[in-house]
Amino acid sequence: MSTYEKWLKDEDSKCFEDRLSRLNWLSETSPAAEYWTFSGGLLAKSLFEEARYCFVYAQYLATILLGLAYIERTLAALFYGAGRSDLERQGLSVLLKEAHAEGLIDSTEFQDLERIREKRNAYAHFRRPGHQYSMETRAFLEDEAPYNIIEQDATTVIAAVFHIVAKDAI
């Protein structure tokens, strides 16, 4: 057995139960439907699938970034399909406000997604030490381990993704 095979087998055995638990949660949280359609097209479907996969494998940063990209693309497509071409190239902030106003997401989802959206750039781009959205500052202020904060944000994003998928479920 090669070193790489051994590493993968060790990794798989150590993480299996946690992955299984996350997969069960995804299954229980997924909207019940015979078919899921994706208003944002093939790329939206790919973002959705990859966000779920990353969540199962505890790749939480990727889950957050992919999940928010899915939400942004799908909301823009839903609005465009409803004749709202004025929102075609709007960012997530505007799309979330419109989705909330139209009842596509509820107040709790809006607040959660808005909070994570505000912090998204701190996940993707450097922030100086002490910046209000830096992971270190959040961990200190929330008295929580950084990894736990990232996991909670990823879980919130995936739950919102499923809520939006349910809009297109048949």
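W36, F38, F48, Y70 and F162 form one aromatic cluster. The model is predicted, so local features need pLDDT of at least 70 and side-chain atom pairs count only at pLDDT 80 or more, while totals for chains, interfaces and linings use all residues. Residues are numbered from 1 along each chain as its sequence is written, and side-chain values use heavy atoms, with hydrogens and water left out.

Q: Why is the pair of W36 and F162 called tilted?
A: Rings of Phe, Tyr and Trp (its six-membered ring) pair if their centres lie within 6.5 Å, and planes under 30 degrees apart count as stacked, over 60 as edge-to-face and the rest as tilted. The centres of W36 and F162 are 6.5 Å apart and their planes stand at 50°, so the pair is tilted. W36 lies in the loop between α1 and α2 (41-56) and F162 in helix α7 (residues 146-167), 126 residues apart.

Q: Why does W36 count as partly exposed?
A: Buried means under 20% relative accessible area, exposed over 50%, and partly exposed in between (1.4 Å probe, protein chains only). W36 has 24% relative accessibility, and therefore counts as partly exposed.

Q: What makes F162 buried or exposed?
A: F162 is at 3% relative accessibility, and so counts as buried.

Q: How do you know that the charged end of R84 sits over the ring of F79?
A: The criterion asks for NZ of Lys or CZ of Arg within 6 Å of the ring centre and within 35 degrees of the ring normal. The charged end of R84 is 5.9 Å from the centre of the F79 ring, and sits over that ring.

Note on methods
Helix = DSSP H or I, 4+ residues; strand = E, 2+ residues; numbered from the N terminus.
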